[in-house]
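Me: I am new to this structure. Please take a close look at one part, a pair of packed helices, and walk me through it.

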Amino acid sequence: MSKNAIEDILPVTPFQEGLIFHAGYDTTTADVYTAQFAFELHGPLDAVALRAAAATVLRRHPALRTAFRQRPGGDWVQVVAADPPLLWRELDLSTRPEAERAAELERLLAEDCAHRFDLGRARLVRFSLLRLDEQRHVLVLMNHHLVLDGWSTAHLMGELLALYAGTGDPLPAARPYRDYVAWLGKQDRQPSLDAWQAALAGVEEPTLLAGPPSAAVAERPERVELEFSAEQTRALLGLARGHGLTLNSLVQGAWGILLGTLTGRTDVLFGATVSGRPAELAGAEEIVGLLINTVPVRVRLDRGQTVAELLATVQAEQAALTPHHHTALTDLHAATGRGTLFDTLVVFENYPVDPAALRLPGAPVIADVQVRDGVHYPLRLQVLPGQRLRIALDHRPDLLDREQVRRIAQRLRQLLPAMAADPHCPVARLDLLTPEERELVQQTWNATDHPVPDTTLAELIERQVARTPDATALHGPDGDTRSYAQLNAEANRLAHLLAELGAGPESTVGVALPRSPELVVALLAVLKSGAAYLPLDPDHPPARTADILDDAAPRLVLTTAELAAAVPAHLPALGLDDARVRERLGAQPATDPVAGRPHGASPAYLIYTSGSTGRPKGVLVEHRAIVNRLLWMQDRYRLDATDRVLQKTPAGFDVSVWEFFWPLISGAALVVAPPGAHREPERLARLIRETGVTTAHFVPSMLRAFVDEPASAGCTGLRRVFCSGEALPAELVGDFHAVCAAPLFNLYGPTEAAVDVTHWDCPAEGTPTAVPIGRPVWNTRTYVLDAALRPVPPGVVGELYLAGVQLARGYLGRAGLTAERFVACPFGEPGAVMYRTGDLASWDQDGCLRYAGRTDHQVKIRGQRIELGEIEAVLDRHPAVAQAAVTALDGRLTGYVRPAGPHDGLVPVLKRHLAEQLPAVWRPSTLVLLEHWPLTPNGKLDRKALPQPQAPGTTAGRAPRTPQEELLCGLFAEVLGVDPVGIDDDFFDLGGHSLLAGRVISRIRTALDVDLPLGALFENPTVARLTEAAAAQSGIPKRPALRRMPRPEEDE
């Protein structure tokens, strides 16, 4: 553009700068930051006159003649062309058959949308006139958002039709966009930033409906439309008028309430588009250009507040911020230290293109207007007031699918009329469940009633002994076996002795024995005595064992002479290998005890779990709970006399309960693994093969190790494998099925609910990315609730609560903690309780539960809540990774990886893998490779034993090797303010972000004379890789070479 062709040069506004970045991120795809208005015109039309009117409008408004250029320093400016050509085309569709016109019109409109604008040329507005017949035309206005907003479009069309009609007074001189830019430049930023910081004080995290921010280029949005009846609209307007509210505030309040439900939050943020036309700037309403802005709206949900009170608060807080609506969102990100605040947007169309308002004598009638508008956010609510209120939900289909958005629209349809019907209703009582959904989540998906006999675990085993006395009940590590009758007789003798020593119902007996046949005998004996058994792991530190014994106060402890020293002196210890004890046992009867028998409500076992305060807490589980669990398991999975169940889980973990006793109530055999074998995959595989094990359990981390062990492929006798204890990765399901023909079952449950309460069969193919934990077992109910203990809709994450017969009695001696976690159940009989798991979950549309993490297992990095499991899942998906874990320390993430094979050069490969799937803030700044995975005594990952990473920072490990690398290292250091920078340092790990990325790329283009796209830095964030990318581009000219061409008279 020559100097004579330039009318003006202006700085870009902050809002424009953000749009330039997003529009330029990937120039190979459609630019979604455009708008297309298709006006259907009825009546006679003079195309020449209409074109002349469009040319006049173009001359009147500098914003329509603007191009955007980047200076050598990286700053963007808008360059106003003095007299650019009008982009105008005319197409005649009238010669086509009537049936083809609509399809051709749609094709042309879509083609127009797909044709990108060149931001560097003053051609960011174009017109098309499509003739349908003599009396019908479609005028298409296509523009980039950089130069025109919705308010301006309505004003522009009014001028266009007035100029065409040629009637009335001459149009007044147009106020140029420069006036707004000048006004904006004079505003004192600090008072506005202070106001916004005060408004956002206490915001701990962004409100993200679609999950973590995506670096992917936005797709053209899809739309779900919602229309309210005239009666409903009048009721909403009545609510607004009656309480001094605007309809905008009403919709914003409703969206805040719904967003809180959808995200499980009581403090939510979303964006709102404001006109950006300040009252103090005279004539601002007449300025054509981009004046709109996006600002945060914060809604704090006090469940005791009424609807009217909440709406009044929302309106008052927004009104107080109106003088600061010009503040750039990027400035708010910087001021709050958060790169993202929200991912949904509410746009209230109070500047609609009203065909009736544009009806002028001598001008064609606008019969209809169709708008196609791009959207960057995952979800935008476009509110269209009128006799029938309409809300259009535009969504990015790559982030939110249509069914999700349809359900959101359905909830809005339910919520808004409910608010209008009773504005004095407390927010907590607003019901966002449809009657059909309530029936599903409370009744249908919890229809688990099933008759179970009122019996005990000991009685179930005794009945099996009577049925199959001579069948093998137990295989020991040394090849010794016991029949059902032998096992029962040994347990009976010990049970009689325990009764003599004071054991009985409501008492506890400690069992401190290594995994062995003697351990099985001891546990069964305690149950037969009527007492509850307390498993004590001999491998635990003596201090922990002492703490447990001090808290549990058992009647006595069964142990060995060697281990008895760990038992405090004040507690009786019975050494089962002591000759005198064995002599006493020999004198006891081998018959089933009759006196002191337990009943269903008697405690069966007491298992200690970790406490958040560091003090172990004892969970007391009754016989009826574990009986329900085991009888359900037998009904579901059907063990028989040919089955052998591997017992490898330490007795202090509740999975061991079904490993011990499920085979013994079913006529199957129990195979006791040697001590320590549960940590060695090869040893386990050998044991499974040699002993003919058909049924085994693994926690996912151990299943990973087992699947990776080549010997596991030889375990062809397995008939069923169970997994529980951790989230099961979908990739592991596939890997398991690749080496094992046995079915895999995913179970879920806390110790507080008799081992497992839900189940899901893992298919050999088509496993969902998030493996479900499934449906509830017999006589168990599962509820996914919000903070007010209300059921959340399917697809919405809430906290998982459990109810039913399998709940534990509570925590031994911890009444306060029991009352905190075992709360009154509002969905059951009077007096019913439910257990608050602390786990997050959601229902899917099939009535299966999906695990979504912990309420207390999140970390925050740069203000964003991050689920470490998601990062681990991404690492796990890489074929070079056998196992992965992620920790957070001092605000930085560290990834730990156990490689699946040779790992030379693996770290940069994994960093690229992470960069492809996660936003920068979610990527570990350090990756540590480990040959061996530290495990806890029960075979889970021991996070505390992971080595501390080195302090983060620039590595400077490899210095620049070429002049180009030296130049890029210097640019990184200058822009980021760090020194030195090595060629392997990551731009984003060092504090880079999108705006700084634009500056670096601009300088690289100038310095290396290469047309490197902005996305290249995101894909190649180190100097070494970026230099390679620049070299690959170096054979491509920066821009097409200039050559002489005829001057165009029209169009492009």
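Reply: L250, A254, W255, I257, L258 and L262 in helix α8 meet I408, R411, L412, L415, L416 and M419 in helix α11. Contact here means heavy atoms within 4.5 Å. By class, the residues of this contact are 11 nonpolar, no polar and 1 charged. Ala, Val, Leu, Ile, Met, Phe, Trp, Tyr, Cys and Pro count as nonpolar, Asp, Glu, Lys and Arg as charged, and the others, Gly among them, as polar.

This is a predicted model: local features need pLDDT of at least 70, side-chain atom pairs count only at pLDDT 80 or more, and totals for chains, interfaces and linings use all residues. Residues are numbered from 1 along each chain as its sequence is written, and side-chain values use heavy atoms, with hydrogens and water left out.

Now the geometry. α8 covers residues 247–263 and α11 covers residues 402–421. Their axes come within 10 Å and cross at roughly 125 degrees. That makes α8 oblique to α11. Angles under 35 degrees count as roughly parallel, over 145 as roughly antiparallel, 65 to 115 as roughly perpendicular and the rest as oblique. The crossing of α8 with α11 is right-handed, meaning that the near helix is turned clockwise from the far one by less than a right angle.

Definitions and conventions. Axes are lines fitted to C-alpha atoms, for helices over the stretch in contact, and angles run from 0 to 180 degrees between N-to-C directions. Helices (H or I, at least four residues) and strands (E, at least two) are DSSP runs, numbered from the N terminus.
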